[in-house]
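Hello,

Please find the structure below, handed over for your files. My notes on what was found follow it.

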Amino acid sequence: MPAPKITPLKPRLHGVDHTAHPTWKLKETIEFYRDIMGLPLVHAITAKGWGREKEQHADFLHIFFDSGNGSNIAFFYYIGTSQPEALKIPKGYMAMANHTAWAVETMDDLIAWKERLRAFGVTVSDEIRHETIESIYFRDPNFYPIEITLPLRKLDRLDETDAALTVKAAVELEAAGKLDTIESMWKRKAELVQQRMNAA
Amino acid sequence: MPSLYVLDVPEFAPLVETARRVGGFDVVGPKAGYFRISTEGQLRLRRADTGLPEALWFGAFTAGYDGEELVIDAEQFWIGPKRAAADAA
C-alpha cells in the first residue's frame, strides 16, 4: 500500500468571535442591548488611550454582550470625543446593507419581538418575506440597522452550487466591464445553468 | 425560443406551478436543480397569477433567462426571442 501523501494543514476559521461598533450613546446602547434585546453583559474593558501618536487615541470603554453561538457584540465608547461625520449612519438602503440579523426559531417569536420592541417605543417594520427568511427591521440607538429573522428553510447543496454559478457569471462580467444590469448577469447565468442541465 | 430558468427551491415553486397551470409553456425539469420554462414567440408570466410577493417575484429570475427583456417589473416577466442570431435548437 503506497504511503499517504502528507499535506500541510490549512489554517481554518472557527466562526465569528465578535463584532464591534463605536458608540457615542453609552447609557442608551447598554439599556438597548442588555434590557431590550436581552443580551447578557459579559465583559468590559476600560483603558487609557495609547499608541496612535498622530491621532491621539482616546481613553475608552469596550463593552461586550453575548451575541450567541460563542460570539460577542462589542461597543467602543471613546471618552471625550464626538462622533465624526463620516461615522454617522445615513438613511437609505445602501447604508442598511451594513447590519446584523438575529435569529428566532418560530413565527410566534418573530411577532413577539415586533410587539416587544414597539412597546419600548422602537419603530419596527412589519414582517417581510424574503427567499429563505422572514424578517422585521429597526434601528438601535446609534441608528445601526438591525434585523430579527426567522429562517424558513435550511440552505442546502443546491443553494451552494447555484451561488457558485451566480458568482461565476457576475465576476466574469465585472472583470470584462460588462456587469451593467442584472439582466446582463441573468443572461450569462442562464448559459451556465443550461450547460449544467445538458451535463446532467 | 425564449426561456426562463427557475431554481428548484420551495420559494420559487409558484413560478413553475403557474407556468404549468396557465398552459402554453414547455416546462422541463427538475434537471440538475433547475426548471426551464420556454415557449415560442414571447414568454409572459404575470405576478398576480403566481401569488408571489414582490420580494420573491423580483428574486425569482435568479437562474437567468435566454431572450430579450421586454418588460420585467412588479406586474410581469415578459421576454421575447433574442434579437441577434437565431436561437440554438
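**Contact between the chains**

In this predicted model, chain A puts 20 residues into the contact and chain B puts in 28 residues, where contact means heavy atoms within 4.5 Å. Residues are numbered from 1 along each chain as its sequence is written, while chains are lettered from A and ligands numbered from 1 in the order in which they are written. As the model is predicted, local features need pLDDT of at least 70 and side-chain atom pairs count only at pLDDT 80 or more, whereas totals for chains, interfaces and linings use all residues; side-chain values use heavy atoms, with hydrogens and water left out.

The size of an interface is often given as the accessible area lost when the parts come together. Between chain A and chain B about 2100 Å² is buried, and carbon and sulfur atoms give 60% of that area (accessible area, with a 1.4 Å probe, that two parts lose on being put together, summed over both).

There are 3 salt bridges between chain A and chain B (a side-chain nitrogen of Lys or Arg within 4 Å of a carboxyl oxygen of Asp or Glu). One of these joins B:Glu69 to A:Lys187, at 2.9 Å from N to O. On the side of chain A that touches chain B, the elements giving two or more residues are helix H4 (157-175) and helix H5 (182-199); H5(A) gives the most, with 9 residues. Helices (H or I, at least four residues) and strands (E, at least two) are DSSP runs, numbered from the N terminus.

**Aromatic rings**

The whole structure holds 13 aromatic pairs over all chains. Rings of Phe, Tyr and Trp (its six-membered ring) pair if their centres lie within 6.5 Å; planes under 30 degrees apart count as stacked, over 60 as edge-to-face and the rest as tilted.

A:Phe32 and A:Phe138 form a tilted pair, because their ring planes are at 50°, with the centres 6.4 Å apart. A:Phe32 is in helix H1 (residues 26-36) and A:Phe138 in strand S7 (residues 133-139), 106 residues apart. A:Phe32 is buried at 4% relative accessible area, and A:Phe138 is buried at 4% as well (buried means under 20%, exposed over 50%, partly exposed in between, with a 1.4 Å probe and protein chains only). Ring pairs also link A:Phe32 and A:Phe138 with A:Tyr33, A:Phe65 and A:Phe75 in a cluster.

Regards
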